[in-house]
Amino acid sequence: MYDLVEPIGLVPYFADESDEALMALGLRNPWDAYFAGRAAPFGRSVPAEVVHAVFYNFAPGEVARHIPRVWELTTPEAALAARERGCVAGMRRILGELADDPRVGRAADGLLKAATSAPAGGRPLYAALRTVPVPDEPVARLWHAATLLREHRGDGHTVALLAEGIGGTEAHVLHALSIDLPAEKFGRVWHLPAAQLAAVIDGMRARGLVGSDGWLTSDGRAAKERVESLTDQLAEAPYAALAPAELEGLITDLEPISAKFRATFPM
């Protein structure tokens, strides 16, 4: 299900229409658009420190460069509407004629049933997004359901990282090294000052996660595997609401839809 849902959940980050719709509100750059669109379900009163804690994997100070400044330029309500509008436009461009196929409506309904069935306890971003009204239009409903499931999984991933003692920036280093990419080349941390990134890696080396050669040790790879395994386990709950036949039908409907996005996005 991750392989089927994740490509749809990535629409705000890889389809230009989402950023364009948000920046048309007066936001300054794509990172303004990111934080306004993703943090909007919390409203304007939640401070940067809380958003930083929930998003978990941004370096210190990164969230504060955008929150609460974005709420001086627009409102959470406008950001939510623009994000949905842009994502639907991007999805329609990518899906083409498939956007109006009955499979999209069926997939939206099935995915929404799963997405709204899980307990929200301990999942702040998922819980906040659950308060957002569900769109009526099938493409919008499909995107909304996929986003709910992506944030549900993301909240669980944070739990898994915390259980393993992996910090936010460390999570990026762990992932980069697990795919044999030097941390300083990884897109989410390459911009950090060299000394700051080196200090993170040194801390992981002191705990036996990174070796003297700069790559993951066997303990580091085992930690990564435990994080991913627990993340998967914690992401199962929504699908328990679907009968086996419903889940099978949902998979069948989602496969051609997800294939369109996987062929478009750099996954």
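Colleague: Which residues does T74 touch, not counting residues up to four places away in sequence?

Modeller: In this predicted model, T74 touches L25, L27, R44 and A79 once residues up to four places away in sequence are left out, and T74 itself is found in the loop between helix 6 (70–73) and helix 7 (76–95).

Colleague: Why is T74 called buried?

Modeller: The relative accessible area of T74 is 9%, and buried means under 20%, so T74 is classed as buried.

Colleague: What makes W215 partly exposed?

Modeller: W215, which lies in the loop between helix 12 (194–206) and helix 13, has a relative accessible area of 32%; because exposed means over 50% and buried under 20%, with partly exposed in between, W215 is called partly exposed.

Colleague: Which residues is W215 in contact with, leaving aside its neighbours within four places in sequence?

Modeller: W215 is in contact with L177, D180, L181, P182, L209 and V210, whereas W215 and L250, which are 35 residues apart in sequence, are 40 Å apart in space, C-alpha to C-alpha.

Colleague: How much space lies in the largest pocket, and which residues are the closest to its centre?

Modeller: About 1500 Å³ of space lies in the largest pocket, and of the 44 residues that line this pocket, E6, L10, N57, R150 and R188 are the closest to its centre.

Colleague: What makes up the lining of the largest pocket, by class and by element?

Modeller: By class, the lining of the largest pocket has 22 nonpolar, nine polar and 13 charged residues, while helix 10 gives the largest share of the lining, eight residues.

Definitions and conventions
Residues numbered from 1 in each chain as written. Predicted model: local features only at pLDDT ≥ 70, side-chain atom pairs only at ≥ 80, totals over all residues. Heavy atoms only, no water. Helix = DSSP H or I, 4+ residues; strand = E, 2+ residues; numbered from the N terminus. Buried < 20%, exposed > 50% of the residue type's maximum accessible area, 1.4 Å probe, protein only. Contact = heavy atoms within 4.5 Å. 1 Å grid on protein atoms, 1.4 Å probe; cavity = no way out; pocket = protein on both sides within 12 Å on 5 of 7 lines; lining within 4 Å. Points joined across faces, edges and corners; volume = space filled by probe spheres on them. Nonpolar A, V, L, I, M, F, W, Y, C, P; charged D, E, K, R; others polar.
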